[in-house]
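Subject: Structure for you, with notes

Dear colleague,

I am passing on the structure below, and my notes on what was found in it follow directly after. Please read them with the coordinates open.

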Amino acid sequence: MIVSKYILDVLKLLLDGDENGKAAKLQIPFLSDAEYEYTNGGGVFVSFLHLEEIFEHKLTKDDLVLNGVTIVSPELKIGADATVFLRDGIVDRLEIWSFDGNYPDHDLINYTLKQVWHDSSGSVIEASE
């Protein structure tokens, strides 16, 4: 189970796009946010562990990169974006990168996430404490 609401929200929006993204979205209940690697203020890499049941939802396309979600927060001067990487048809890691190279070393609590890829629905998720 993904413990971080922020990371879960990012994944939900990233995997709500094309056919591959929507198929990969079925993997979310079988993911756990295992490791967070903060990169000297530039962003964060999140690695996932997988329950065995995830392989029932493995994509036929091996390696995919899906992006197109922007992040706005009072903690970010000019925002960030998010990219999810699938390896061997399974969600493998998430990268969040600050546009100005300054990213906090913790989960964001107050944020607005928005889909920005061409032909997206423009869905938005907002969270505040």
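Asp-88 sits in the loop that joins β4 (80–87) to β5, where strands are DSSP runs of E with at least two residues, helices are DSSP runs of H or I with at least four residues, and both are numbered from the N terminus. Its phi is positive, at about 55 degrees, although Asp-88 is not a glycine. Most residues other than glycine have a negative phi. With a relative accessible area of 43%, Asp-88 is partly exposed; here buried means under 20% relative accessible area, exposed means over 50%, and partly exposed lies in between, with a 1.4 Å probe and protein chains only. Asp-119, in the loop between β6 and β7, likewise is not a glycine and has a positive phi, of about 70 degrees, and at 68% relative accessibility Asp-119 counts as exposed.

Before going further, please keep in mind that this is a predicted model, in which local features need pLDDT of at least 70 and side-chain atom pairs count only at pLDDT 80 or more, while totals for chains, interfaces and linings use all residues. Residues are numbered from 1 along each chain as its sequence is written, and side-chain values use heavy atoms, with hydrogens and water left out.

Turning to charged pairs, the count comes to 3 salt bridges, a salt bridge being a side-chain nitrogen of Lys or Arg within 4 Å of a carboxyl oxygen of Asp or Glu. One of them joins Arg-87 and Asp-92, at 3.7 Å from N to O; Arg-87 is exposed, at 52% relative accessibility, whereas Asp-92 is buried, with a relative accessible area of 17%. Asp-92 belongs to strand β5 (residues 90–98), and, leaving aside neighbours within four places in sequence, Asp-92 is in contact (heavy atoms within 4.5 Å) with Val-46, Ser-47, Phe-48, His-50, Phe-85, Leu-86 and Arg-87. Arg-93, also found in strand β5, is partly exposed at 29% relative accessibility, and its contacts, not counting residues up to four places away in sequence, include Phe-45, Val-46, Thr-83 and Val-84.

A second salt bridge links Asp-16 with Lys-25, the closest N and O atoms being 3.8 Å apart; Asp-16 is partly exposed, with a relative accessible area of 26%, and Lys-25 is partly exposed as well, with a relative accessible area of 30%. In the remaining salt bridge, Asp-9 pairs with Lys-5, and the closest N and O atoms are 2.6 Å apart. Because Asp-9 and Lys-5 are 4 residues apart in helix α1, they are separated by about one helical turn. Asp-9 is buried, at 6% relative accessibility.

Helix α1 (residues 5–14) has 7 of its 10 residues buried, so it is largely enclosed by the rest of the structure. Those buried residues are Tyr-6, Ile-7, Asp-9, Val-10, Leu-11, Leu-13 and Leu-14. At the start of α1, a side-chain oxygen of Ser-4 comes to within 3.4 Å of the backbone nitrogen of Tyr-6.

Leaving aside neighbours within four places in sequence, Tyr-6 is in contact with Ile-71, Ile-96, Tyr-103, Asp-107, Leu-108, Tyr-111 and Leu-113.

With best regards

Key:
Polar contact = N/O pair within 3.5 Å; in protein donor to acceptor, adjacent residues only side chain to side chain.
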